[in-house]
Amino acid sequence: MEILSFLAHGLTVALTPTNLGLAVFGCVAGTIVGALPGLGPVNGVAILIPLAFTLGLDPASALILLACVYYGTMYGGRISSIMLNIPGDEPAMMTCLDGYPMARKGKAAEALAISAVASFVGATLSTIGLTLFAPLLVKVAIHFGPAEYFALYVLAFATIGGVTGANPAKTLMAAAFGLALGTVGLDPVSGTARYTFGIFHLFDGFHPIVAIVGLFAISEILVYLEHAHGTHPGAVAVHRAYARLSDLAKAGGAMVRGSLIGFVSGVLPGAGASLGSFLAYAMEKRVSDKQGSFGHGDPRGVAAPEAGNNAAAGGALIPMLSLGVPGSGTTAVLLALLISLNITPGPLLFQKQPDVVWGLIASLYIANVVLLLLNVPLVGLFTRLLTLPMWLLLPTVVMVSFVGVYSINHSTFDLLVMVGFGVLGYLLRKLDIPLVPIVLGLLLGAEMENNYRRALSISGGDASILFDSTIAVSLYAATAALLAIAVVSAIRRHRRR
Amino acid sequence: MSDRLTGLLIAALAIWYGWTANNFEEGFGDPVGPSAFPKLLAVPMGLFALYLVIRPDADPDWPRGNPLIRQGVMLAALVVYPLILEPLGFPLATALAIFIMAVLLRGTRRAAGVAAVAISLGLFVTFDQILGLHLPMLPSLQ
């Protein structure tokens, strides 16, 4: 009941004309970004963060805008999967498997409608989960001291690659590298300049948003140039998505199952939406594929992964909001936004700034309704966007990134740092070294060090305080177990090759 | 080979990173100090990097020939843009950058030119005039 009154309060925040307008704008922008191949959710949210600064939005509004962009990208990703067989973003990969065959059979409208409804079911169920479980996790997290937080960060970094990560050694090296980047700048406790080479601009450290836009958006254009092939193949014209109710009902079970799996994989650290849609598809295939119709345009094969990736998006917000530890790349970018606005996520956020948290959660419910409306009757507008040539699109994206990053400090030095991160991002992507741990390290490094130092100053320098509480020890045990699973599965993959 | 080289580079970086931390001044009455955390990080960073040297993955396909040249020109444009942004002003610098990028991405010159002018003016109006973010104008008009 308590939750309902919080939610009612959140609705009063979300339903102000400004916030409602921002939510609708965010949904449209997110769907566009999601639909365009090559612009994933991380890029979309990162590029639009500077816009939130430029507009001078208050924290609640800024977070509402970007969370709606985030949900929108999850809806939009499926459009190009279905129409072009090119996933609009990584989590929409599984939707290609049955979505594109459906479109080739002339059932594009059905595929779009079923996947829109599946997205709605997944996102709404996981938003309900977020509403129920985030406050519970906050109640646990309130007992965390510095030692427990340090253990939690160790858990987050050790498991960021999850079970899907390519090479655990590369993931962990990337995490340490990211944390090291986070130490650049003036040490907040002693005022010592660390790794700044005396460059004045580096005294504040690397701005996380400058780094994120560089790593993801700028590296994208270098990746694209490697196999530049001009325009996309023409998409089929679809003006409206429609499906018979009986078709939707047939896919209902797939939607619910996909949502549950997606939600769980969203909450787990380091799993995220891609794993959510993958597991949802694999599971649905096992449960329902009796005639071998999966992969040849089975509507359930569209419904399950779409419900899965949208549910994972909502689930990933839980650890980000209640612990301050994001579980995916996009939630890491949202965390960067919060930190830039001087807001520390975590249990205290729920107590001190209920407007921000509950306004956000309420606006996610609204975003889902808006997105369903956008993606069923108006989907024709978005499909037409797919015919935009890349030579027009990518330079625009790059320039918007430049303007956005410039707006943070009005510094051309930041632009050069961004390009530097772009080259780094390109090289790391070629080498299969994941970027998300680097971003997380850069973002969370200060807080992790802070907790480490606070714990040790409580004990007067005795490191055993780090292993002193049951919570900390169980977090380390969980870390060890998850690492063992990751290593074993990596070895198995290696042997199979 | 690529992984080995990366591993060696990062291992060297980790050694330098941990070593430099020794020189940080300890704060007064601060039992941990600014050097403890970097030293703690240097160990796993170096060890995982060395692991890459011993057990590298297969090499990626590095670009060569025409794509490599395109990437080089693109990178040059990306580096030059921040340097000319303030001297030339936003509309001009941006139009130039968009033109080069669009041609690199195989847009025709005429279409790229039109798009460059339209997009740079559009961005200028949106961000400077409407959103009130002060972008550098033409130098003569400042």
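Predicted model: local features only at pLDDT ≥ 70, side-chain atom pairs only at ≥ 80, totals over all residues.
## Chain B: elements and overall form

Chain B is built from 5 helices and 0 strands, and its elements, read from the N terminus, follow the order α-α-α-α-α. The radius of gyration of chain B is 24 Å, well over the 14 Å that the globule rule gives for 142 residues, so chain B is more spread out than a compact globule. The C-alpha trace of chain B spans about 60 × 50 × 20 Å along its principal axes.

The domain assignment divides chain B into domain 1, covering 2–54, and domain 2, covering 66–141. Between the C-alpha centres of domain 1 of chain B and domain 2 of chain B there is a distance of 40 Å.

## Chain B: burial, contacts and surface

Of the 142 residues in chain B, 44% are buried. When the contacts in chain B with a separation of 6 or more are considered, 57% of them are between residues 24 or more positions apart. The accessible surface of chain B amounts to about 7,700 Å², and carbon and sulfur atoms account for 70% of this surface.

## A nonpolar patch on chain A

On the surface, a nonpolar patch is formed by Leu125(A), Ile128(A), Leu132(A), Phe133(A), Leu136(A), Val256(A) and Leu260(A), which together have about 600 Å² of accessible area. Two or more residues of the nonpolar patch come from each of helix H6 (108–141) and helix H11 (252–267) of chain A, and H6(A) provides the largest share, with 5 residues.

Ile128(A), one of the patch residues, is located in helix H6 of chain A.

## A buried isoleucine in chain A

Ile212(A) belongs to helix H9 of chain A, which comprises residues 208–226. The relative accessibility of Ile212(A) is 2%, and because buried means under 20%, this residue counts as buried.

Leaving aside residues up to four places away in sequence, Ile212(A) touches Val42(A), Ala46(A), Ala217(A), Val333(A), Ala336(A) and Val439(A). For Ile212(A) and Gly308(A), which are 96 residues apart in sequence, the C-alpha to C-alpha distance in space is 26 Å.

Notes: Residues numbered from 1 in each chain as written. Chains lettered and ligands numbered in written order. Heavy atoms only, no water. Domains from an automatic or database assignment. Patch = residues over 30% accessible without salt bridge, like charges linked within 9 Å, V, L, I, M, F, W, Y side chains within 5 Å. Areas by Shrake-Rupley, 256 points an atom, 1.4 Å probe, with all protein chains shown as cover. Salt bridge = Lys/Arg side-chain N within 4 Å of Asp/Glu carboxyl O. Helix = DSSP H or I, 4+ residues; strand = E, 2+ residues; numbered from the N terminus. Rg over C-alpha atoms; globule rule 2.2 N^0.38 Å. Buried < 20%, exposed > 50% of the residue type's maximum accessible area, 1.4 Å probe, protein only. Contact = heavy atoms within 4.5 Å.
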